[in-house]
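Biologist: I have a model open and want to learn how to read it. Can we take the features one at a time?

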Amino acid sequence: MEAWQILLIVFGVLIFVLLIVFICSIRIVRQTEKYIIERLGGYYKTWGVGIHMLIPFFDKVAQKISMKEQVKDFDPQPVITKDNVTMQIDTIVFYQVTDPKLYAYGVDDPIGAIEDLSSTTLRNIIGELDLDETLTSRDIINTKMRSILDDATDAWGIRVNRVEVKNILPPKDIREAMERQMRAEREKREKILLAEGEKQSAILIAEGNKESAILNAEAEKQKRIKEAEGEAESIMKVKEAESKGIVMIREAEAKGLELLKQVGVDNKVLTLKSYEALAKVADGKATKLIVPSDVQNIASLANIVKEAVTDKKD
């Protein structure tokens, strides 16, 4: 093989190698990523979305960082409450990288640092609360942890968006005591509800009896009023009838007097007739009969009446 052929082959291999190196030096950065570029061992720049070219043997991609929000579920941590109850609590941290350079160079193992910071912060917060407050203050724990973690991770280029307490596991004996307490509370509420129901029932029954008694009394009152009105009306009608009878009697007496006057009989005759009627009424029914002292005058009056009647006939 001639020398020029050997040179040609070497040149071709060199071109191929350079082409491979060139192709391998091309980087395409996606929308949700950032590339940390180092040149000769030091930070050079941060690449954003697009096509970029590395200088072979000088530049390298030190770290690829996701800019999306990320979720880290940490293992349960043993914590002690203010009243010396040991429990297991695990948390979930939602975080996002805001500064890729600080994230890459601010701390070694940022996720591990967040986990350690989260566990120590949780112990500090729970140490200020007793058992009951710990079980009922999840929102307070979440808010305090998010504020503390967010302030501490600013130097690492991380923003903590949210912290959630996932599980709170008290000791077994505490859980059993809580379950017994819950059952007692439920039984207590049940008895209270039953007592309230019986109370309401008794009240309703009493109110019903009261209204029934009122209605019965009102009905009896109306009945008596109607009876009294009926008796009054009956008495009024009797009195009206008696009044009409008296009027009729007086009219009849007036007519009789007029007739007697026409035949010459005056009031003395009428008086005598009244006495005779009185004697008939008292006959056999009274033990005493009172007559006027002037009986002779009455007898004379009777003779006069007899003569007057005889003359009238003639």
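Biologist: Which residues line the largest cavity?
Modeller: Keep in mind that this is a predicted model. The lining is made up of Phe74, Asp75, Gln77, Thr91, Glu115, Ser118, Ser119 and Leu122.

Biologist: What classes of residue are in that lining?
Modeller: It has 4 polar, 2 charged and 2 nonpolar residues. Helix 3, residues 110-126, gives the most to it, with 4 residues.

Biologist: What volume does the largest cavity have, and how many cavities does a search find?
Modeller: The volume is about 30 Å³. The search covers the whole structure and finds 1 cavity of 30 Å³ or more.

Biologist: On to cores. What is the general idea?
Modeller: In soluble globular proteins, nonpolar side chains tend to be buried together. Now the case here. The largest nonpolar core has 31 residues. Ile89, Val93 and Ile141 have the most contacts inside it.

Biologist: Which elements each supply at least two residues of this core?
Modeller: The strands are strand 8 (86-97) and strand 9 (158-169). The helices are helix 2 (100-105), helix 3 and helix 5 (138-153). Helix 3 gives the most to this core, with 7 residues. Helix 3 also gives the most to the cavity lining.

Biologist: Why does Thr153 count as buried?
Modeller: Compare its relative accessibility with the cut-off. Buried means under 20%. Thr153 is at 0%, so it counts as buried. Thr153 is found in helix 5. Beyond its neighbours within four places, Thr153 is in contact with Ile114, Leu117, Ile158 and Val160.

Biologist: Where does UniProt place the "transmembrane region"?
Modeller: The unreviewed entry puts it at residues 6-29. In the model, that span is 83% helix and 17% strand. Its end C-alpha atoms lie 41 Å apart.

Note on methods: Residues are numbered from 1 along each chain as its sequence is written. This is a predicted model: local features need pLDDT of at least 70, side-chain atom pairs count only at pLDDT 80 or more; totals for chains, interfaces and linings use all residues. Side-chain values use heavy atoms; hydrogens and water are left out. On a 1 Å grid over the protein atoms alone, a cavity is a set of points where a 1.4 Å probe fits but cannot get out, and a pocket is an open set with protein on both sides within 12 Å along at least five of seven lines; lining residues have an atom within 4 Å of a point. Grid points are joined across faces, edges and corners, and a volume is the space filled by probe spheres set on the points. Ala, Val, Leu, Ile, Met, Phe, Trp, Tyr, Cys and Pro count as nonpolar, Asp, Glu, Lys and Arg as charged, and the others, Gly among them, as polar. UniProt positions are given in the numbering used here, feature names are shortened, and annotations may be inferred rather than shown by experiment. A nonpolar core is a set of buried Ala, Val, Leu, Ile, Met, Phe, Trp, Tyr and Cys residues joined through side-chain atoms within 4.5 Å. Buried means under 20% relative accessible area, exposed over 50%, partly exposed in between (1.4 Å probe, protein chains only). Contact means heavy atoms within 4.5 Å.
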